[in-house]
Amino acid sequence: MGSSKLIAVVLLPALLAFQAPMATAVNSNLFRDYIGAIFNGVKFTDVPINPKVRFDFILAFIIDYTTETNPPTPTNGKFNIFWQNTVLTPSAVASIKQSNPNVRVAVSMGGATVNDRPVFFNITSVDSWVNNAVESLTGIIQDNNLDGIDIDYEQFQVDPDTFTECVGRLITVLKAKGVIKFASIAPFGNAEVQRHYMALWAKYGAVIDYINFQFYAYGASTTEAQYIDFFNQQIVNYPGGNILASFTTAATTTSVPVETALSACRTLQKEEKLYGIFIWAADHSRSQGFKYETESQALLANATISY
């Protein structure tokens, strides 16, 4: 997750073994904002929250890498906290949810880098990774009063089938135990990334609630029409999925411009396809006065809800 990657347009066929309810291409009022990765002191209470939207904060990140070694190394599903948890504390989570009944707080797993080195999905075995992940995530989620998880691995040292079994079984178990209420995935238009996430969706789509597709990872020259084409491609790639539009507020010249993305969001809403919007990330938006969080929520709040 982030704004530095540039990707090629990839048209991949939809996988067929999907069994989740077909409930996509409808308007909704879900807004999601990643927070805590940049360590600049941004707080939940800094971010404007529109009471007319469903609002998810997504803490970034937890990673199954060591915290006490340099460089960090994989831990086979034993997750550690890498968000700024001295600011975004358990009491801060409890307070923002108590003050805003429309707010939920999730945590994202993986991310692109740790200490400027790539984060790889790396396991010893499926069973051991799932067992370790269930145990460590349960502790983190319960200790921090969290509601859901987001899957954002972007580099892999396993094949798509192995990734599918690990992540699919993890989500299934956490939901069955009542540890989480929802789960999302965060793919983008890279061929290897799509192979892994489309395989996961094909087998375990029924337990995945939202698709935080990183549309901003397409290039800065992307037009509104191309953005909408990319969005429609993901409807094919993830049939039945609740696909969110997205943009980044990071200072970058390599990502889809914010105004292009917002214009596309307005068009998608008119076409009754805008299930929601997510932003990477509140940390970057802080210096802009959260202008685009406010604007995105206003758009979603005025939607004719179809979900």
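Me: What is the mean pLDDT of the protein?
Reply: In this predicted model, 91% of the residues reach 70 or more on the pLDDT scale, which runs from 0 to 100 and gives the predictor's confidence in each residue. Local features are reported only at pLDDT of at least 70 and side-chain atom pairs only at 80 or more, while totals for chains, interfaces and linings use all residues. Numbering starts from 1 along each chain as its sequence is written, and side-chain values use heavy atoms, without hydrogens and water. The mean pLDDT of the protein is 92.

Me: Over which residues is the pLDDT below 50, and how many contacts does this stretch have beyond near neighbours in sequence?
Reply: The stretch is residues 3-23. Where pLDDT is low, the predicted coordinates should not be read in detail. With contact meaning heavy atoms within 4.5 Å, the number of contacts that the model gives residues 3-23 beyond near neighbours in sequence is 57.

Me: What radius of gyration does the protein have, beside that of a compact globule with 307 residues?
Reply: The C-alpha atoms fill a box of roughly 45 × 45 × 35 Å along the principal axes. The radius of gyration is taken over C-alpha atoms, and the globule rule is 2.2 Å times the number of residues to the power 0.38. For 307 residues a compact globule would be near 19 Å, and this agrees with the protein's value of 18 Å.

Me: What percentage of the 307 residues is buried?
Reply: Buried means under 20% relative accessible area, exposed over 50%, and partly exposed in between, with a 1.4 Å probe and protein chains only. The protein exposes about 11,800 Å², of which carbon and sulfur atoms supply 51%, the areas coming from the Shrake-Rupley method with a 1.4 Å probe and, for residues, only the protein chains shown counting as cover. Buried residues make up a share of 59%.

Me: How far apart are the centres of the positive and negative side chains?
Reply: Lys and Arg count as positive and Asp and Glu as negative, leaving out His and the chain ends, and each charge is placed at NZ of Lys, CZ of Arg, CG of Asp or CD of Glu. There are 20 positive and 26 negative side chains, and the centres of the two sets are separated by 4 Å.

Me: Which helices and strands do the buried residues of helix 8 pack against?
Reply: Helices (H or I, at least four residues) and strands (E, at least two) are DSSP runs numbered from the N terminus, and the protein has eight helices and 13 strands. Within helix 8, residues 291-301, the buried residues are Y292, E293, S296, Q297, L299, L300 and A301. They pack against strand 1 (30-35), strand 2 (54-63), strand 12 (243-248), helix 6 (258-270), strand 13 (276-280) and helix 7 (282-285).

Me: Is M109 buried or exposed?
Reply: M109 lies in strand 4, residues 103-111. Leaving aside neighbours within four places in sequence, M109 is in contact with I62, F79, W129, L137, I149, D150, I151, D152, Y153 and L170, and its C-alpha atom is 9.5 Å from that of I185, 76 residues away along the chain. Since its relative accessible area is 0%, M109 is buried.

Me: Which residues does Q155 contact, leaving aside its neighbours within four places in sequence?
Reply: Q155 has its place in strand 9, and it counts as partly exposed because its relative accessibility is 24%. Beyond its neighbours within four places, Q155 contacts A112, P118, V119, F120 and F121.

Me: What is the omega of the peptide bond that joins W280 and A281?
Reply: Most residues other than glycine have a negative phi, and most peptide bonds are trans. The bond from A60 to F61 is cis, with omega near 5°, and F61 lies in strand 2. A281 is in the loop between strand 13 and helix 7, and the bond joining W280 and A281 is also cis, with an omega of about 0°.

Me: What is the phi of N145?
Reply: N145 is found in the loop between helix 2 (126-143) and strand 8 (148-153), and it counts as partly exposed because its relative accessibility is 37%. Although N145 is not a glycine, its phi is positive, at about 60°.
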